[in-house]
Each structure stands twice: as C-alpha cells, then as structure tokens.
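Please load the model in your viewer and keep the sequence panel open beside it. The tour moves from one selection to the next and says what is to be found at each stop.

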Amino acid sequence: MDTCVINTPLGFTQIEGDTNGIISIKVLNYKAIPSKLIPDSLKSCAEQLQDYFEGNRTNFSIKQNPKGTDFQKKVWDALTKIPYGKTLSYLELSKQLGDVKAIRAVANANGKNPLWIVVPCHRVIGTDGSLTGYAGGLHRKQWLLNHESPVTQQSLF
C-alpha cells in the first residue's frame, strides 16, 4: 500500500492506494509532514486534488478502489453524479437510489465515504438546506461548497 501526504487549504491530506486504484483520501486533523516523493500510483490523484483546490478542476478521473459494501459503493457512485457547484438533499439522494425509506442508510453510507472530495459527499445537505454532518467538519464542508459555488462575492468598493 502506497501512502503520501499533501498540503491543502483545508489541512494535510493523506492519500492511500496502489496500482489497483485509490483506496482512501482523508483530511487529517493534525499537522503532518508533506511527502517529498509521491509514489507513482498516487501522483495523478495528488495532482488532480491540487488542480481542484486551485480552481482548475471540477471533476476527477482517477482509478478508484474504495473498500465498502455493495450498498455503500452504490451510494458513493451516486455521489459522483452530483454536478460540481450543485447540492442534493439526503432525501433526494435516497429517491434517486430508489428507496425514500433508506434515507438513514444513505446518510450512513455517505458518512463512510473514504474518498474525500473525489466522491463529493460534501454536496449532500439537509432537506431544509442546512449543512448536516460531515466527517471532515462542517467548516470544511462550508469551505468546499463556497469553493464550488458559481456565485462570487462582489466588492463593495
């Protein structure tokens, strides 16, 4: 298993994977030392994440290999279909997956997403538009949604 750490505007991020694909991307809640050398199997992912944070990428084309149940993988796949700059409620996501009663299971699978940002679980919000639960912290979720927002703040002066 290859591992590297990159620095992002939201903190140090650890990427894990191998030639079969990226297994995990997670933001760390502590200071870390960025990797001087990034393994070949992780280079594309690290570069695409940097492009995303620089505002030069709206989707990802990395080989993914997350570990999870079939249901979790179905939810994660649905998350990748939420367009950049858009949000969807947990209820809407449950409806898209064919079972409105599965809302809690969908929310649970969303919370176990191992591929931070690449599988955009931050784009799922409460039915009332509220920012609900986010493993990386609500401040990061808000930052990501602002980063992807097509609306830019105009200067008052």
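Begin by selecting Leu 145, which sits in helix H5; helices here are DSSP runs of H or I with at least four residues, strands are runs of E with at least two, and both are numbered from the N terminus. This is a predicted model, in which local features need pLDDT of at least 70 and side-chain atom pairs count only at pLDDT 80 or more, while totals for chains, interfaces and linings use all residues. Residues are numbered from 1 along each chain as its sequence is written, and side-chain values use heavy atoms, with hydrogens and water left out.

With a relative accessibility of 14%, Leu 145 counts as buried; the term buried means under 20% relative accessible area, exposed means over 50%, and partly exposed lies in between, with a 1.4 Å probe and protein chains only. If neighbours within four places in sequence are set aside, Leu 145 is in contact with Thr 87, His 122, Arg 123, Ile 125 and Leu 131, where contact means heavy atoms within 4.5 Å. To place Leu 145 against another part of the chain, draw a C-alpha to C-alpha distance to Val 124, which is 10.0 Å away in space and 21 residues away in sequence.

Now widen the selection to the whole of helix H5, residues 138-148, whose buried residues are Arg 140, Lys 141, Leu 144, Leu 145 and Glu 148. Looking down the axis of H5, you will find these buried residues within an arc of 135°, so they line one face of the helix; the arc is that of the directions from the helix axis to the C-beta atoms. The partners that the buried residues of H5 pack against are strand E3 (21-27), helix H1 (40-53), helix H3 (90-96) and strand E5 (124-125).

An unreviewed UniProt entry carries the annotation "active site" for Cys 121; UniProt positions are given in the numbering used here, feature names are shortened, and annotations may be inferred rather than shown by experiment. Is Cys 121 buried or exposed? Cys 121 is buried, with a relative accessible area of 8%, and, not counting residues up to four places away in sequence, Cys 121 touches Leu 79, Asn 110, Asn 113 and Tyr 134.

Apart from neighbours within four places in sequence, the residues in contact with Asn 110 are Val 75, Leu 79, Tyr 90, Cys 121 and Val 124.

Colouring the buried residues of H4 picks out Val 106, Ala 109 and Asn 110. Around the axis they cover an arc of only 105°, which puts them on the same side of H4. The buried residues of H4 pack against helix H2 (70-79), H3 and E5.

Stay in the loop between H4 and E5 for Ile 117, a residue other than glycine that has a positive phi, near 70°. Ile 117 is buried, with a relative accessible area of 1%.

For the last stop, colour the chain by domain, with domain 1 covering 2-54 and domain 2 covering 70-148; these bounds come from an automatic or database domain assignment. The C-alpha centres of domain 1 and domain 2 are 21 Å apart, and 15 residues of domain 1 are in contact with 13 residues of domain 2. Between them the two domains bury about 1200 Å², with 68% of it on carbon and sulfur atoms; buried area is the accessible area (1.4 Å probe) that two parts lose on being put together, summed over both. On the domain 1 side, select Leu 10, Ile 25 and Tyr 52, which lose the most area to domain 2 and together make up 55% of what that side buries.
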